[in-house]
Structure formats: structure tokens, C-alpha cells
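Dear colleague,

I am handing over the structure below, and I would be grateful if you could look through it alongside these notes.

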Amino acid sequence: MSTVRLYDTIGATYTVTRRTDPRIAARIWAALGDARTVLNVGAGTGCYEPPDRDVLAIEPSALMRSQRPPHSAPCVAGSAEHLPFGDETFDAAMAVFTLHHWQDPIAGLREMRRVARRVVVLLFDTSDPSLFWLNRDYLPEFAALRAVRVLASVSDLADAIGARLDPVAIPWDCEDGFHEAYWRRPEAYLDERVRRNVSVWHGVGPDVEQRAVHSLRRDLASGRWVERNSEILDLDAAELGARLLIA
């Protein structure tokens, strides 16, 4: 399914659980350096757009564009692989949790590099899916998803534009409800509203989803989840593969 069709399908309640986490935002904004003009590629509803810079957003899904706040940055329709701007139009181009949905991620990165002097992309390195207990114990199908296979070669993506990869720890009380966000709050994955706004669950399908939810609910009730994951219960943040790709 294309990115447009996917988010026109699952994006109707996106803003219920997906919002800017200030600690992650601080990392992104610091990586933008002194950029004054910023292009946000695959911008969605506008999370993580810096409020103190001149931002232009580009987003392929009409449903996602319609949910942007009234005073957010202007947003145009378009895709990462074909950015309708001249060379070095912007000081920086950013993309947050979107690259894995692009039809041609390397082409999209090269386009960002063409139109901006600096590139900042937040993504996940999925080369070790078992790093996150939810994938390891309840969603083995995670590893077979196209988006996961794309991000498993994150080093190749970085090399395509000469970027470095900096780790980003995920706080235990992360305010943005992406797939890994509730790593210390397992009960959240029992909430359908949380799952609906994460593309992973759409990717694995309803049968796998219900099996995983049933198993997790059973293990939480029996105490087995705590036994398996006792080492993370006192952590303030976790290394789960989040990376800032910076060029």
C-alpha cells in the first residue's frame, strides 16, 4: 500500500496519540543547527516542526494535511522522491518517522540533500528487531514488514548521502505514541486507540494483532511480562534503535 493510501486509511485519529515529545524535539532542533529555513518532508500533522524557524511542510496524504493545527507551517502536497524545489532552496531539510514509508528512500534522501544544505532525519535502526520486547516476544512478524527491511539497512541509507548516525534514547514516559514509545508501559499496547495510530499494526494484519494483544494481556495478568523484562523497569530511557541521520 502506498504511503498516501496507508495514511488516508489509518490517519483519521492520528493526533489522539501522536504528538511532539519535547526531549526528542530538542535533539532534532539542535541537529538543525543555525538553519533558519526548514523543509519538513513527509510532515504529517506537523509534529516536531520547530516553532522559531521558517518552516515549509510537504506531505502526500490529504487526510494528514487536514489535521495540521490552524497555525502550523504551510503545507503542500508532494513526495520525498520528487521535491518541487531548486537546489539549496532551504538551510535544512528534516524528516521524522517517515522514511520507511517512502517508495525509494535513497532517492528521497538525495532529494533532501539537493534542496537543503543540511539534512536531519529521525528513524529507527531495525537490524535487530529483538531489541524491543514487543517484537521479540509477541510480534515476530515485525521483521518481515517492508518498512522494517528498509530500516534494517540504515547504514546504507546514511552512506548514500554521507551522513552520520547518532543514537536517541527513548524516555520511559515518551509523549509521542510511536511503536516503541510505551516500552515501560506495556498496558498501553492493549489500547486500540494506541495501536490504530501505528502503522506496524496495520502491516501485520488483524489476526496477528489480536493474537499479540491476547498474549500480552495474559502475560501481564500472570506476571510473566514482569519476569521477562524486570531489567527495564527502573530505566528512565532506553536504547531501542532510534537514530538521527545527520548530513
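Predicted model: local features only at pLDDT ≥ 70, side-chain atom pairs only at ≥ 80, totals over all residues.

I began with helix α11, which comprises the 17 residues 206-222.

The buried residues of α11 are Val208, Glu209, Ala212, Val213, Ser215, Leu216 and Asp219. Because they cover an arc of only 165° around the axis, they lie on the same side of α11. Pro206, Asp207, His214, Ala221 and Ser222, by contrast, are exposed on the other side of the helix. The elements that cover the buried residues of α11 include α6 (133-137), α9 (192-196), α10 (199-204) and α12 (224-229). After α11 comes glycine 223, whose phi is positive, near 90°.

One of the covering helices, α9, also holds arginine 193, to which I turned next. Is arginine 193 buried or exposed? With a relative accessible area of 56%, arginine 193 is exposed, because the cut-off for that class is over 50%. Its side chain makes a polar contact with the side chain of aspartate 191, at 2.8 Å. As for aspartate 125, which is 68 residues away from arginine 193 along the chain, the C-alpha atoms of the two residues are separated by 25 Å.

Key: Residues numbered from 1 in each chain as written. Heavy atoms only, no water. Helix = DSSP H or I, 4+ residues; strand = E, 2+ residues; numbered from the N terminus. Expected span 1.5 Å × (residues − 1). Buried < 20%, exposed > 50% of the residue type's maximum accessible area, 1.4 Å probe, protein only. Arc of directions from axis to C-beta. Contact = heavy atoms within 4.5 Å. Polar contact = N/O pair within 3.5 Å; in protein donor to acceptor, adjacent residues only side chain to side chain.
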